[in-house]
Amino acid sequence: KEWTYMSGWGEGYGVQPSQFECPDMVELPVDGNPDHKKWALIVNVNPGCYFGGSATQYFIGDFDGEKFVCDNKPETVKWLDWGKDHYATVCFSNTGDRTIAVPWMSNWQYANDVPTSQYRSPNSVPRDLGLFTVDGETYLQSAPSPELLALRDASKKRSFKVNGTRTIKEMIPGNDGAYEIELTIENQHADVIGFRLYNDKGEEVDMQYDMKEKKFSMDRRKSGEVSFNENFPMLTWTAIESGKDELKLRLFVDKSSVEAFGDGGRFVMTNQVFPSEPYTHIDFYSKGGAYKVDSFVIYKLKK
């Protein structure tokens, strides 16, 4: 049997008969309107992730203090993050009108096998939650908390056109592996808008927007050490909204993780990586046309 948490939802809503942890329920304004609010019920399931293992699922609906009634149809499954390493999400209770969440950045498929000696998985950067609507459906938005701006240190800004491949060999001086990238891209009929973080050892994380399929993906299969568990090498992907020629993306890169926030957190993807040295170079590439990078800013992050 599939489990039911409260009457009005549960059966058929994508939750498998498995372990679930850290349930949370928060009331949030829809599209920033304080007079229109909905409740988000957050449930961390293991197994059950779209890409296998553990992940954070959520349900949108109404709550009268006793009963939660889900808005979604039973076949609708919504994930807070579309990477492999986002689980056990919890929200702070002392943040006023803001709802700030922090997940555990790992997956129970391989959490005990990761090639580290001093720790077993970190938490992600903190994320401010909100609700937004697309075509009558309400979704959770997960944006980097604004306090993270205080971590920004030295920066470089560039703009350029990509028609083929453009390589930036040294993104920022003294790059020790912890940095933020902020991108604004204008599509000029490209079918694929891609960028590849890599190091001198040939280890890489490849990300791309497939404009025909309306997907964003992150490929860590060549990211460094991946052989410690068969479930770790993975390409993860998520659907993106249609009809957008301007794309905004923030990437938080650390020595063992890449966190991608698209369009202010309307989609999010969190993945661990284990390169033997930091990714210090980036290739931008296009297929089927060109695109313009209106703004490429990289910030070294303070320790």
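In which sense do E18 and E19 pair, and over how many bridges? E18 and E19 pair in the antiparallel sense, over six bridges. The views below come from a predicted model, in which local features need pLDDT of at least 70, side-chain atom pairs count only at pLDDT 80 or more, and totals for chains, interfaces and linings use all residues. Residues are numbered from 1 along each chain as its sequence is written, and side-chain values use heavy atoms, with hydrogens and water left out.

**View 1. Strand E18 and its two neighbours in the pairing.** Strands (E, at least two residues) and helices (H or I, at least four) are DSSP runs numbered from the N terminus, and two strands pair if DSSP finds at least two bridges between them. E17 and E18 are antiparallel, with six bridges, and they form a hairpin with two residues between them. Phe252 has Glu259 of E18 as its bridge partner. E18 also forms a hairpin with E19, here with four residues between the strands. Asp263, in that turn, has a positive phi of about 50°. The bridge partner of Ala260 is Met269 in E19.

**View 2. The two faces of E18.** Buried means under 20% relative accessible area, exposed means over 50%, and partly exposed lies in between (1.4 Å probe, protein chains only). Six of the six residues of E18 are buried, so the strand is largely enclosed by the rest of the structure. One side carries Ser257, Glu259 and Phe261, and the other carries Val258, Ala260 and Gly262. Both of these faces are covered.

**View 3. The salt bridge between Arg127 and Glu259.** A salt bridge is a side-chain nitrogen of Lys or Arg within 4 Å of a carboxyl oxygen of Asp or Glu, and the count by this rule is 20. In one of them, the side chains of Arg127 and Glu259 meet at 2.7 Å, N to O. Arg127 lies in strand E8 (residues 127-134) and Glu259 in strand E18 (residues 257-262), so the pair ties together parts that are 132 residues apart in sequence. Arg127 is buried at 1% relative accessibility, and Glu259 is buried at 4%.

**View 4. Salt bridges between loops.** The side chains of Lys201 and Glu277 form a salt bridge of 3.7 Å, N to O. Lys201 is in the loop between strands E13 (192-198) and E14 (204-210), and Glu277 is in the loop between strands E19 (267-272) and E20 (281-287), so this pair ties together parts 76 residues apart in sequence. Lys201 is exposed at 54% relative accessibility, while Glu277 is partly exposed at 24%. Another salt bridge joins the side chains of Lys244 and Asp263 at 3.6 Å, N to O. Lys244 lies in the loop between strands E16 (235-239) and E17 (246-254) and Asp263 in the loop between E18 and E19, so the parts tied together are 19 residues apart in sequence. Lys244 counts as partly exposed, at 26% relative accessibility. Elsewhere, salt bridges that share partners join Arg152, Glu180, Glu182 and Arg250 into one network.

**View 5. Cysteines without a disulfide.** A disulfide is a pair of cysteine sulfur atoms within 2.5 Å, and the structure holds zero of them. The cysteine sulfur closest to that of Cys49 belongs to Cys22, 16 Å away and too far for a bond. Cys49 is buried at 10% relative accessibility. Cys70 is in no disulfide either, since the nearest cysteine sulfur, that of Cys91, is 17 Å away. Cys70 is buried, with a relative accessible area of 8%.
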